[in-house]
Amino acid sequence: MNLFNIPTVELLQHLINGLTLGAIYSLIALGYTMVYGILKFINFAHGEILMFGTYAGFFLYYFLYDPSKGGLYILAVFAIAMIFAMLVSATMGIIIERIAYKPLRNAPRLAPLLSAIGVSIILMNAAALMFGTKSIKFEYPFDNQTLHIGGISITPNQIMILIVGLIMMVALKLFIDNTRLGKAMRATSENQPVAALMGINVNMIISLTFAIGSALAAVAGVLIAMEFKVYPTMGQLAGLKAFIAAVVGGIGNITGAMLGGLILGILETFGVVILGIPVGLKDTIAFTVLIIILLFRPSGILIKHIREKV
Amino acid sequence: MLDFILLIFIYTGIYAISALGLNLIVGYTGMLSLCQAAFIGIGAYCTAILMTAFGISFWYAIFASGLLAGLFGILIGIPTLRLRGDYLAIATLGFGEIVKNIILNWDSVTKGPMGINGIPGPNFFGFILTSMDKIPWVIFIWILVVITYVLIRRVVRSRVGRALESIREDEIAASSMGINTAKYKVGAFTGGAFFAGIAGALFAAFNQSVAPLTFDFMMSIMILCMVVLGGLGNNFATVVGTILIVLTSELPRLIGISHIIPPQLNQVLFGFILVFMMIYRPQGIIGRVKLNYGKIIKDEILELEK
């Protein structure tokens with residue numbers, strides 16, 4: 001097999017790198033897509049919620065970090081830090097929705113969007129004021145020695161990202177498809193007034209949506225923090241690209257967000273190594289994908305085009 | 001001190017031109033654009049390159065800048081404007097990043113992160129304006145602000161302006177009244193980009209240098225804040241908003257406490273302005289005179305019943 005004149009092993013290697021990146025995008029994209037599905041607006045502050053969660057996890061991790069107690073202890077501390085990050089992000093998501101978005105639920109469409117941008121800027125700069133603009137390193141909880149399996153090199157961190165990402169996505173899918181709360185969420189996103197008439201507490205469901213989306217973003221944040229460090233603007237670009245992933249999959253569609261994230265991750269990796277796009281312009285790949293998707297398939301690759309109702 | 005106040009006047013004027021352009025896009029047509037800084041950057045670089053590398057006169061360069069920015073407005077507008085507003089916000093955000101990245105990486109033309117220096121001042125009948133001549137600059141820029149103001153006012157008070165406002169209020173209703181919404185949206189977007197390009201040209205010619213990182217996302221947000229603070233869809237309010245925002249962001253330097261106040265505090269303030277204005281006073285501090293159709297119809301009926 002000689003696709004693109006690149007050996008299969010190397011292709012497989014890039015595929016794994018792309019999938020790892022894509023799993024991160026998927027986790028963040030889920031938050032955008034879930035909120036969009038219910039409130040029909042883009043939560044611009046999503047990336048900043050991710051950043052705050054990551055900082056929270058980081059501080060707890062270093063508060064409990066003690067290398068003398070052995071590898072298992074550090075792994076446990078890491079797990080606790082990740083859960084803490086999820087809790088902090090989820091709480092922030094709920095509070096932000098209550099303060100900045102809820103009063104604007106019936107306002108013209110521009111209002112919540114501008115409010116969300118405002119929240120995003122406040123959080124980003126508040127973090128810079130509180131924690132400083134320097135990027136801080138998040139130590140690996142394990143020995144991150146590259147493993148070589150049949151010519152493919154993969155780091156334990158990549159394996160962890162793939163496994164955690166997969167678990168989170170499957171769990172979310174099961175939750176939404178099979179539980180009563182999941183059913184209530186689907187009903188709310190389809191028609192809010194009717195869902196309320198059926199006895200669903202719409203406000204509670206909206207809070208829950210924000211909480212779940214934000215918690216997933218925190219997971220993604222902690223997972224990338226070890227590779228890319230922690231800094232106040234870490235959520236900005238990641239959030240933007242995840243949003244593009246959500247659009248690629250069809251915004252409002254949960255399976256679409258997962259798929260869109262993976263596709264975007266693979267396209268970015270392949271764009272650099274196969275098409276030879278310079279690394280400095282790597283970030284433009286995602287935006288080019290966005291424009292192409294908007295031109296030819298604005299409702300995403302999964303859903304059919306639905307006309308807007310009056 | 002006087003120099004500094006004049007400097008504030010100059011920057012207010014430059015920002016006012018681009019804020020008026022943005023008001024046409026966000027305030028009148030209801031499309032959220034987050035790349036006004038990118039259009040300013042395109043204009044600034046266009047002027048810088050034309051004047052330094054080709055020795056073209058400022059008067060041609062400023063027009064070329066406006067037209068080039070407008071052209072980019074069409075390019076970004078056509079794929080996104082047929083869609084819902086939220087996509088436009090993201091696409092423009094992405095476009096802003098792309099422009100910044102390209103300016104940073106296209107070394108042979110833009111000189112990369114170093115920027116371009118030594119841009120000559122505009123030539124007024126043989127008299128060359130440098131950035132030292134602050135008073136002529138203030139007059140020149142504010143004349144352009146007035147021209148922009150009058151031009152945009154003429155547009156929004158015409159049939160075109162009513163079409164734009166109807167798109168903002170309800171796009172589906174507007175298109176069912178026979179308004180070609182895509183055409184008007186691309187038009188408004190291009191117009192807004194054109195004025196940003198003009199502002200960019202002034203920016204480059206006044207500073208006599210351009211650097212890529214000036215034209216970042218925060219600059220777009222600052223201009224958005226000017227429009228939102230004054231009042232969406234009100235040109236006079238936009239100018240007032242511009243004055244207020246430039247004053248607040250320069251106030252620490254004006255009273256000499258800039259070393260105590262970190263720059264992030266300013267941006268936190270911009271964020272709060274956006275959130276609070278949206279929740280408590282979405283029409284801005286000055287607001288907008290809205291036609292009350294219910295009252296007009298009631299009066300008509302009363303008139304008929306008499």
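Q: What is the radius of gyration of chain B?
A: The radius is taken over C-alpha atoms, and the globule rule is 2.2 Å times the number of residues to the power 0.38. For 306 residues that rule gives 19 Å, and chain B lies close to it, so chain B is as compact as a globular protein of that length, with a radius of gyration of 20 Å.

Q: Which pattern does chain A follow along the sequence?
A: Chain A has 11 helices and 2 strands. Its C-alpha atoms fill a box of roughly 60 × 50 × 40 Å along the principal axes. Read along the sequence, the elements of chain A follow the pattern α-α-α-α-β-β-α-α-α-α-α-α-α.

Q: Which element of chain A has the highest mean pLDDT?
A: The pLDDT is the predictor's confidence in each residue, from 0 to 100, and chain A averages 85, with 95% of the residues scoring at least 70. Where pLDDT is low, the predicted coordinates should not be read in detail. Among the elements of chain A, the lowest mean, 79, belongs to strand β1 (residues 147–149), and the highest, 91, to helix α8 (residues 202–228) of chain A.

Q: Which helix gives the largest share of the side of chain B that touches chain A?
A: Counting two residues as in contact if their C-beta atoms, placed from the backbone, lie within 7 Å, 33 residues of chain B are in contact with 36 residues of chain A. The elements giving two or more residues to this side of chain B are α3 (58–81), α4 (85–105), α10 (217–230) and α12 (263–280) of chain B. The largest share, 12 residues, comes from α4(B).

Q: What angle do helices α9 and α10 of chain A make where they pack?
A: Axes are lines fitted to C-alpha atoms, for helices over the stretch in contact, and angles run from 0 to 180 degrees between N-to-C directions. Helix α9 (residues 234–249) and helix α10 (residues 254–273) of chain A have their axes 7 Å apart and pack at an angle of about 120°.

Q: Are α9(A) and α10(A) roughly perpendicular or oblique to each other?
A: Angles under 35 degrees count as roughly parallel, over 145 as roughly antiparallel, 65 to 115 as roughly perpendicular and the rest as oblique. The packing angle of about 120° therefore makes α9(A) relative to α10(A) oblique.

Q: How many nonpolar, polar and charged residues has the contact of α7(B) with α9(B)?
A: The axes of helix α7 (residues 159–169) and helix α9 (residues 181–207) of chain B come within 10 Å and cross at roughly 105°, and α7(B) and α9(B) are therefore roughly perpendicular to each other. In this contact, B:A163, B:L164 and B:I167 in α7(B) meet B:T181, B:Y184, B:K185 and B:A188 in α9(B). Ala, Val, Leu, Ile, Met, Phe, Trp, Tyr, Cys and Pro count as nonpolar, Asp, Glu, Lys and Arg as charged, and the others, Gly among them, as polar. By class, the contact has 5 nonpolar, 1 polar and 1 charged residues.

Notes
Residues are numbered from 1 along each chain as its sequence is written. Chains are lettered from A and ligands numbered from 1 in the order in which they are written. This is a predicted model: local features need pLDDT of at least 70, side-chain atom pairs count only at pLDDT 80 or more; totals for chains, interfaces and linings use all residues. Helices (H or I, at least four residues) and strands (E, at least two) are DSSP runs, numbered from the N terminus.
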